[in-house]
Amino acid sequence: MSDMSRQEKATPAVELASLAPEAVKEYLLANPDFFFYFPEILDSLRLPHKQKGTVSLVERQAEQLRLKVRQLQLQINELMATAKQNERIYRIYADLNLRLFRCRTLFDARKTLEQVLLHQLDLQTLSLKLFGFDDDLPEASKKHLMEKRFNNNIYYLGRLSQQEQKMLFNDRPVGSVAMMLLGERGEMGLLAVGSDEPHHFHPGMDTLLITQLQKFLTLVVPQLAEY
């Protein structure tokens, strides 16, 4: 007979009945081999169940295992859906860069940006402002955006005030925006893409694809605009 077996048989029934549930829990956690020495208890244990009234410990463990498997399957499905969506977006950006490379005028480049970013990525509005051109921003608006939104950065992702939305999109309201300055130092212009969703663009999102687009536009726009 094992030490554990002798100890349990020596414990008075009254003392066992007075044990607090927490004490039983701590004992079982400290003695994970308890059911190895008393396997007959596993068959007799009955646990409360919402639908079935009571179930055996084995049934309860099997149910918990099935639940964990379902949760893992859901997580896997979500990860696969996210990976598939990311691959789709990556391919769209790669195609956009090639299409921009084939453009011969600024009008073509602007139309290409609209066709891809608005129609393929389901964004709602776009504004391309080239500094020094007819559609350039007023100096006061440009200075405001540079100081408040870019602050020595080349990108801004997030929300805009109503005044800023009006500067870039006229009267078209947007929930969130991705903005990038064009040029090595942001001296060439500004591209802003707006979404109706307030959380679509946010400061914590990955900027890899936006960075590639900014660098590509920085190469393409001077050739089209003859800076």
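The largest cavity has a volume of about 70 Å³. In this predicted model, a search of the whole structure returns one cavity of 30 Å³ or more. The lining of the largest cavity consists of Tyr 93, Leu 117, Leu 123, Ala 178, Met 180, Val 193, Phe 201, Ile 210 and Leu 213. Strand 5 and helix 10 are the elements that contribute two or more residues to this lining.

An open sheet is built from four strands in the order 3-6-5-4, with antiparallel pairing. Its edges are strand 3 (125-130) and strand 4 (155-158), each of which pairs on one side only. On average, neighbouring strands of this sheet are turned by 10° against each other, direction ignored.

Strand 5, which spans residues 176-182, pairs with strand 4 in the antiparallel sense over four bridges. Tyr 155 has Met 180 of strand 5 as its bridge partner, and Met 180 is also among the residues that line the largest cavity.

## Helices against the sheet

Helix 9 (residues 162-169) lies across strand 3, strand 5 and strand 6 (189-195). The helix runs at about 70° to strand 3. Helix 10, formed by residues 208-225, packs on the sheet and touches strand 3, strand 4, strand 5 and strand 6. The direction of helix 10 makes about 40° with that of strand 5.

## Burial of strand 4

In a regular strand, side chains alternate between the two faces of the sheet. Which residues of strand 4 are buried on each side? Tyr 155 and Leu 157 are buried on one side, and Tyr 156 and Gly 158 are buried on the other.

## Confidence of the model

The chain has an average pLDDT of 87, and 92% of the residues score at least 70. Confidence is highest in strand 5, at 96, the strand that pairs with strand 4. Confidence is lowest in helix 1 (residues 3-10), where the mean is 50. Where pLDDT is low, the predicted coordinates should not be read in detail.

Technical notes
Residues are numbered from 1 along each chain as its sequence is written. This is a predicted model: local features need pLDDT of at least 70, side-chain atom pairs count only at pLDDT 80 or more; totals for chains, interfaces and linings use all residues. Side-chain values use heavy atoms; hydrogens and water are left out. Two strands pair if DSSP finds at least two bridges between them. Axes are lines fitted to C-alpha atoms, for helices over the stretch in contact, and angles run from 0 to 180 degrees between N-to-C directions. Contact means heavy atoms within 4.5 Å. Buried means under 20% relative accessible area, exposed over 50%, partly exposed in between (1.4 Å probe, protein chains only). pLDDT is the predictor's confidence in each residue, from 0 to 100. On a 1 Å grid over the protein atoms alone, a cavity is a set of points where a 1.4 Å probe fits but cannot get out, and a pocket is an open set with protein on both sides within 12 Å along at least five of seven lines; lining residues have an atom within 4 Å of a point. Grid points are joined across faces, edges and corners, and a volume is the space filled by probe spheres set on the points.
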